Amino acid sequence: MPQPEHSSVRNRLLKALSADDFALLQPHLQPLATELRQTLIAPNAQIKQLFFPEVGFGSITTNCSGGKVEIGIIGREGLVGASPVLLGSDRTPHHHFIQSAGEMLSIKTEVLCVAVGQSSSLHKLLLRSIQVQLIQTAQTAFVNATYTVDVRLARWLLMCQDRLDDGELHLTHEFLSMMLGVQRSSTTLSVQALEGRGLIRARRGRITVLDREALVAVADDGYGLPEAEYARLIEGA
């Protein structure tokens with residue numbers, strides 16, 4: 001199978017690499033079709049592969065007594081598994097799995113670490129992507145502690161749409177409740193509220209964004225900070 005070309009990759013982090021840095025990774029990038037709910041990195045298991053999303057995106061969740069709560073989203077802007085590996089660990093307590101099925105480019109952890117050791121510019125850019133991920137996680141904590149479920153839902157839908165090619169999300173209210181860390185009844189009321197204002201359309205197992213600009217207004221200061229930092233640190237580098 002031919003290796004992906006720098007000009008044709010859809011992962012924004014790979015696109016941001018210099019030609020020389022991309023060449024270090026190119027021979028080792030392996031296409032991978034992903035399925036909904038597929039585990040990429042299991043909690044507390046050795047991380048043997050990392051993943052550059054091309055289509056679709058993954059969730060990072062932490063376990064709690066009530067199930068799982070999402071603490072991060074990684075799509076075509078990033079690298080799944082980068083944080084623990086590049087910060088010196090070979091595992092993480094968090095679960096990384098597919099939230100929206102699609103395609104990824106996988107690379108062996110040991111290969112990426114060798115490449116990082118050979119290029120300070122590659123190392124710097126990947127560390128910057130980790131900084132963005134840390135900002136996203138901190139922003140999630142801020143939003144969950146400060147805002148209503150309506151705002152949290154609006155932010156989450158915007159983040160998902162950023163990582164898709166259209167405005168339609170395939171998910172149930174039950175799964176959405178788990179991602180937001182709230183009761184299903186609260187999620188249902190918030191979905192109905194946003195739909196009643198014409199911002200989204202909800203059908204069984206699907207939510208479609210109809211008015212992104214209005215959704216951004218609802219999300220208020222909860223949305224935009226990690227996205228702006230990504231533009232500054234990665235695309236402006």
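# Close-up views of a predicted model

View 1. Strand β5 (residues 95-108) is mostly covered, with eleven of its 14 residues buried (buried means under 20% relative accessible area, exposed over 50% and partly exposed in between, with a 1.4 Å probe and protein chains only). The model is predicted, so local features need pLDDT of at least 70 and side-chain atom pairs count only at pLDDT 80 or more, while totals for chains, interfaces and linings use all residues. Residues are numbered from 1 along each chain as its sequence is written, and side-chain values use heavy atoms, with hydrogens and water left out. Helices (H or I, at least four residues) and strands (E, at least two) are DSSP runs numbered from the N terminus; two strands pair if DSSP finds at least two bridges between them. Strand β3 (residues 49-64) runs antiparallel to β5 and is joined to β5 by eleven bridges; Gln-49 has Lys-108 as its bridge partner in β5. Strand β1 (residues 30-33) pairs with β5 over four bridges, also in the antiparallel sense, and Ala-33 stands opposite Glu-103. Two bridges join β5 to strand β2 (residues 39-41), again antiparallel, with His-96 of β5 as the bridge partner of Ile-41.

**View 2. The open sheet β6-β8-β7.** Three strands form this open sheet in the order β6-β8-β7, with antiparallel pairing. β6 (168-170) and β7 (200-203) are the edge strands, each pairing on one side only. From one strand to the next the twist averages 15°. Three bridges pair β6 with strand β8 (residues 206-209) in the antiparallel sense. Thr-208 in β8 is the bridge partner of Glu-168. Helix α8 (residues 184-196) packs on the sheet and touches β7 and β8; contact means heavy atoms within 4.5 Å. The direction of α8 makes about 130° with that of β7. His-170 stands opposite Arg-206 of β8.

**View 3. The hairpin of β7 and β8.** These two strands pair in the antiparallel sense over four bridges. Ala-202 has Ile-207 in β8 as its bridge partner. The hairpin has two residues between the strands, and Gly-205 takes a positive phi near 75°.

**View 4. The crossing of helices α6 and α9.** The axes of α6 (residues 149-162) and α9 (residues 212-219) come within 8 Å and cross at roughly 135°. Axes are lines fitted to C-alpha atoms, for helices over the stretch in contact, and angles run from 0 to 180 degrees between N-to-C directions. The crossing is left-handed, that is, the near helix is turned anticlockwise from the far one by less than a right angle. On the α6 side the contact includes Asp-150, Val-151, Ala-154, Arg-155 and Leu-158; α9 contributes Arg-212, Leu-215, Val-216, Val-218 and Ala-219. The contact residues divide into eight nonpolar, one polar and four charged (Ala, Val, Leu, Ile, Met, Phe, Trp, Tyr, Cys and Pro count as nonpolar, Asp, Glu, Lys and Arg as charged, and the others, Gly among them, as polar).

**View 5. The surroundings of Gln-133.** Gln-133 lies in helix α5 (residues 120-146). Gln-133 counts as buried because its relative accessibility is 12%. Not counting residues up to four places away in sequence, Gln-133 touches Ile-60, Gly-72, Ile-73, Ile-74 and Ser-83.
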